[in-house]
Amino acid sequence: MTTVDRNMKFKNIKGIIFDLDGVLTNTSEYHYKAWKMLADELGIHFDRNINEKLRGIPRKESLEIMLAGKVVSEKEIKRLMDIKNNYYNDFLTQMNPDDILPGVLELLCETRKAGIKIGIGSSSKNAKTVIDKLGLESFVDSISDGFSVDNHKPAPDLFLHCAANLAVSPENTIVVEDAESGVEAALNGGFWVVGLGPAERVGKAHIVFPSFENVKLRDFIGN
Ligand code: BG6
Ligand code: MG
């Protein structure tokens, strides 16, 4: 189900802000496994469908969705978030540059060569660790992460924060997202948006690719 709009090309692009989880690497699987381990311990049903709702959603809000209405104290919320994050970080220890998704490295190289600035706009507080593990630090001009802003996606704040650090305007910047909330955040900020994944999830983006495999910069950027 390729829904690439080959006729649409962005012009005068000065920056690209990439979401991290699900765009540069498939950390969604590690997030899923970590939440599942915690949910099993708590005797709460959790599956991949529920996990889909957590794409792009910060840790605390993700926990609230996982708890499915179960009421717990703020202290317990903090304890449960730490447990999940420890599981997640255990998975991250295995991560290496082989975990970069197909087509991503080539696209980052092209972007660099074209003189376009590269930012990361991720809701994750582990974003810097993941970028390090993937060996992508040298490609990245600025990282806005789970510590950068208060209002999370679909608020545009994180992407606006990143664009400001890159010194680019939204109308000259593309955001790449795999989450519905992320696509909405980018649209709310006035950015151009590339959606990665099924149209049911990212179909509101200006251009949609199933993944970056075999995608070149010229497929979505014109002169
Ligand atoms: C987002 C992921 O990038 O980061 C979410 O899509 C995750 O699934 C969120 O919950 C927060 O991540 P972290 O690493 O701060 O728990
Ligand atoms: Mg994502």
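How far from an oxygen atom of ligand 1 does a backbone N or O atom of Leu54 lie? The gap is 3.1 Å, which counts as a polar contact (a pair of N or O atoms within 3.5 Å).

A quick word on the ground rules. This is a predicted model, with local features needing pLDDT of at least 70 and side-chain atom pairs counting only at pLDDT 80 or more. Residues are numbered from 1 along each chain as its sequence is written, and side-chain values use heavy atoms, leaving out hydrogens and water.

Back to the ligand: 15 residues surround ligand 1, the closest being Asp21, Gly56, Ser124, Lys125 and Asn126; to qualify, a residue needs a heavy atom within 4 Å.

| Residue | Atom in the residue | Distance |
|---|---|---|
| Leu54 | backbone N or O | 3.1 Å |
| Arg59 | polar side-chain atom | 2.7 Å |
| Ser62 | side-chain N or O | 3.3 Å |

Now for the inside. The largest nonpolar core has 54 residues, and Ile16, Phe18, Phe212 and Phe220 have the most contacts inside it. Such a core is a set of buried Ala, Val, Leu, Ile, Met, Phe, Trp, Tyr and Cys residues joined through side-chain atoms within 4.5 Å, where buried means under 20% relative accessible area with a 1.4 Å probe, protein chains only. Helix H4 gives the most to this core, with eight residues. Domain 1 (15-26 + 101-219) and domain 2 (28-92) each supply at least three residues.

Then there's H1, a helix (a DSSP run of H or I, at least four residues) covering residues 28-42. Among its buried residues are Tyr30, Trp35 and Leu38. Just after H1, Gly43 takes a positive phi of about 70°.

Note on methods: Chains are lettered from A and ligands numbered from 1 in the order in which they are written. Helices (H or I, at least four residues) and strands (E, at least two) are DSSP runs, numbered from the N terminus. The expected span of a helix is 1.5 Å times one less than its number of residues. Buried means under 20% relative accessible area, exposed over 50%, partly exposed in between (1.4 Å probe, protein chains only). Domain bounds come from an automatic or database domain assignment. A polar contact is a pair of N or O atoms within 3.5 Å; within protein, one must be able to donate a hydrogen and the other to accept it, and residues adjacent in sequence count only if both atoms are side-chain atoms.
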